[in-house]
Amino acid sequence: MKKFFSPGRTELAGNHTDHQKGRILASAVDKGLHAAVMPNYENIVRIKSEGFPDIEVKLTDLDVHPEEFGSSKALVRGVACAMFDLSASFGGFDAVISSTLSSGSGLSSSAAYSVLIARIFNELFNNGELEPVAIARVAQQAENLHFGKPCGLMDQLACALGRAVYVDFLTNEIVPVNADFSRMGLTLCLTDTGGSHAGLDTSYARIPADMRLVASFFGKELLGEVDPEEFRSRRWDTADRPVRRAKHFFDENDRVPAMRDALIAGNGEEYMRLMNESGRSSERYLNNIVTSATNDRKLERGLELSEKLLQGKGAWRVHGGGFAGCVQSLMPTDYFPFYKAEMEKEFGAGKCTELKLGDRHD
């Protein structure tokens with residue numbers, strides 16, 4: 001019996017920049033998926049997961065099954081297919097998986113799961129020869145093609161590397177980052193506000209579509225390919241939603257390396273200043289807090305309450321895609337118990353979770 005672990009991830013900087021060949025700062029966290037695994041040599045993957053139905057996937061069928069979109073079976077089949085495309089080996093195994101990633105936590109359970117399956121195939125059938133970046137690309141392909149999630153590579157890279165990472169998707173620069181908020185006397189946390197992501201596909205899709213529209217004025221496909229100064233030198237109607245979202249992209253893209261440098265230097269005050277800038281930009285320009293599709297205002301309430309509690313003390317921002325889900329907050333460690341208690345009065349017990357960066361499962 002072999003043991004495997006795949007961490008979840010948190011987005012630190014770069015809100016909706018990765019799909020435009022922008023920059024991101026993300027990190028694996030100390031919560032994730034644990035698996036106990038035995039090879040079975042039957043070309044079948046059987047998985048028991050606590051709280052979910054057992055699954056069985058025959059590895060002789062690697063076709064895309066649209067009816068499996070969004071399922072664990074799709075990720076297993078997709079990872080095997082991506083391994084095949086790499087001419088890497090894969091085979092059957094039996095596994096029992098347990099999770100410390102709570103539902104709605106915003107820690108990218110699909111990326112953690114696909115990276116976990118890729119790690120199992122890599123260790124059992126390839127002598128661990130695939131490097132973490134290759135594991136991440138395998139996981140991304142599985143999510144894109146078989147799972148039906150058109151995601152970038154941010155989540156998978158953070159999960160596969162097991163630490164904080166800075167990525168520039170335009171230049172393909174991938175740099176591991178030494179990051180530890182505790183040495184700054186700070187605590188990072190996520191609060192699940194309970195908003196549902198159901199019915200938000202169109203709202204999410206409009207963001208990259210709006211950004212691509214602005215890029216097309218410069219003869220480019222993505223905003224990351226556009227000269228920021230050329231964009232800023234033009235007169236734009238700032239009441240226009242695509243323009244506002246493009247402004248967010250260029251400002252956020254500049255913030256990411258600055259937040260990386262503050263994190264590396266252990267400059268908590270500067271990091272929190274930039275984190276608040278990022279949050280305000282997402283709210284004001286990216287507009288990914290409330291959508292008319294659902295008019296769900298739980299995330300908005302979480303941000304408003306965080307501002308009330310943390311103004312002058314810490315930082316807060318939308319985490320991930322937005323429109324529903326989580327508030328990410330950073331504050332002095334001695335203030336965290338009070339913040340947690342107040343947020344959980346509003347959103348429920350256990351909804352505010354402390355995060356530690358990096359793969360600390362042992």
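A disulfide is a pair of cysteine sulfur atoms within 2.5 Å. Keep that in mind for the first stop.

You're looking at a predicted model, where local features need pLDDT of at least 70, side-chain atom pairs count only at pLDDT 80 or more, and totals for chains, interfaces and linings use all residues. Residues are numbered from 1 along each chain as its sequence is written, and side-chain values use heavy atoms, with hydrogens and water left out.

**Stop 1: the cysteines.** The disulfide count is 0. Cys189 is also buried, at 0% relative accessible area (buried means under 20%, with a 1.4 Å probe and protein chains only). Now click Cys81: its 14% relative accessibility makes it buried too.

**Stop 2: strand β1.** Because 10 of its 12 residues are buried, β1 is largely enclosed by the rest of the structure.

**Stop 3: a lining.** Select α8 (268-286) and α9 (298-310), which each give at least two residues to the lining of the second largest pocket (helices are DSSP runs of H or I, at least four residues). Which residues lie nearest its centre? Pick out Arg280, Glu283, Leu303, Glu307 and Trp316, among 15 lining residues (a pocket is an open set of points on a 1 Å grid over the protein atoms alone, where a 1.4 Å probe fits, with protein on both sides within 12 Å along at least five of seven lines; lining residues have an atom within 4 Å of a point).

Note on methods
Buried < 20%, exposed > 50% of the residue type's maximum accessible area, 1.4 Å probe, protein only.
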